Amino acid sequence: MQDWTWVLLRALGSVVILFALTRILGKKQISQLTFFEYVTGITLGEITGYLSTDIENNYFHGLVAMSVWFFLPFIAELLTLRSKKLREWFEGKGTIVIKEGKILEDNLKKERYTADELLEQLRTKSVFRVADVEFAMLESSGDLSVLLKKENQPLTPANMGIQVAPEEEPQTVIMDGNIMDEPLSTIGLNRGWLHTELEKIGIPLENVFLGQVDALKQLYVDLYDDQLNVPEPQNKAVLMATLKKCAADLELYALSVQNPEAKVMYGDCSERMSKVAKDMVPLLTR
């Protein structure tokens, strides 16, 4: 067998084995790495590279080395699931670098972290003043977690005492100009409804790069031709207008009828409908 053929077979075998081992080790191996995972990943890659190209070395010996570097982190992960101390030893633990708007210089020195690096990390979190930060921790992964002071945190509906409806996941029903039948059926729709919605906005299916449907059955599309303007769905506006019209009609009935009981009934219904419209504002005006 020629050398290049042998290298090709060894490389293919190594790739398959490395892929399988990485899948078993889990998603942590391809996300933010701890020190131990970082060393493991580099070593497995090095062994695979030598195993693929160094035809003079025994292939089985390389597999044994890969097995050792697979089982050690695998067993370590199982052990760290049961022991906090082992987790801290293998993965490290976070270090507080800002507390109550003040930088903890000793902790920065301990992590060999400069002020420039700290400010750079803060800017990636859209924070430009250290005094705005209540608490910041340098995680074992190297990422910086930041908690702003109360007065600097974004305003939310909860802060204003406004109740909002739960957000449901939008379904992607068109991708690369192709209809996705499974997401459509998940929200109880079909191709006929989709084609009707596309006809309403005058867009052919072939020109749609991505299409999504939200909880209110509104279709949003992104086109291949970015020069075209797509009209915004009007379902929310129509529904809000309908609620307000119902409240106004009920109030009109309350003023026009002569029966006192009917007046009270229509007036009460008008107030309830107005309250419903007010409660729906956060959902229908986004």
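Begin by selecting Phe 60, Val 64, Val 68 and Leu 72, which together make up a nonpolar patch on the surface with about 370 Å² of accessible area between them. The model you have open is a predicted one, and the tour should be read with that in mind.

Next, bring up the open sheet whose four strands follow the order S2-S1-S3-S4 with antiparallel pairing. Its edges are formed by strand S2 (102-103) and by S4, each of which pairs on one side only. Select strand S1 (residues 95-99) together with strand S3 (residues 133-138), and you will be looking at an antiparallel pair joined by four bridges. Within this pair, Ile 96 stands opposite Met 137 of S3, while Lys 99 has Phe 135 in S3 as its bridge partner. If you display side chains here, keep in mind that in a regular strand they alternate between the two faces of the sheet.

From S3, move across to strand S4 (residues 144-148), which runs antiparallel to S3 and is joined to it by five bridges. S3 and S4 form a hairpin with five residues between the strands, and in the turn Gly 142 has a positive phi of about 100°.

Now turn to strand S5 (residues 171-175), in which four of the five residues are buried, so that the strand is largely enclosed by the rest of the structure. S5 is joined to strand S6 (residues 178-179) by two bridges, the two strands running antiparallel. Their hairpin has two residues between the strands, and Asp 176 takes a positive phi near 55° there. Select Met 175 at this point: its bridge partner in S6 is Asn 178, and in S7 it stands opposite Leu 210. S5 and S7 are themselves antiparallel and joined by four bridges.

Follow S7 into the loop that lies between S7 and S8, where Asp 214 is found. Is Asp 214 buried or exposed? Its relative accessibility is 17%, and Asp 214 therefore counts as buried, the cut-off for that class being under 20%. Show the side chain of Asp 214 and you will see that it reaches the backbone nitrogen of Gln 218 at 2.9 Å. Lys 217 lies in the loop between S7 and S8 as well, but with 33% relative accessibility Lys 217 counts as partly exposed. A distance drawn between the C-alpha atoms of Lys 217 and Gly 188, which are 29 residues apart along the chain, gives 9.7 Å.

Finish at the aromatic pair, of which the structure holds one. The ring centres of Phe 209 and Tyr 224 are 5.6 Å apart and the ring planes stand at 70°, so the pair is edge-to-face, a label that applies to planes over 60 degrees apart. Phe 209 sits in strand S7 (residues 208-213), whereas Tyr 224 sits in the loop between strand S8 (219-223) and helix H9 (235-256), so the pair ties together parts that are 15 residues apart in sequence. Phe 209 is partly exposed, with a relative accessible area of 36%, and Tyr 224, at 44% relative accessibility, also counts as partly exposed.

Terms used: Residues numbered from 1 in each chain as written. Predicted model: local features only at pLDDT ≥ 70, side-chain atom pairs only at ≥ 80, totals over all residues. Heavy atoms only, no water. Patch = residues over 30% accessible without salt bridge, like charges linked within 9 Å, V, L, I, M, F, W, Y side chains within 5 Å. Areas by Shrake-Rupley, 256 points an atom, 1.4 Å probe, with all protein chains shown as cover. Salt bridge = Lys/Arg side-chain N within 4 Å of Asp/Glu carboxyl O. Phe/Tyr/Trp six-rings, centres within 6.5 Å; stacked < 30°, edge-to-face > 60°. Buried < 20%, exposed > 50% of the residue type's maximum accessible area, 1.4 Å probe, protein only. Polar contact = N/O pair within 3.5 Å; in protein donor to acceptor, adjacent residues only side chain to side chain. Pairing = 2+ DSSP bridges.
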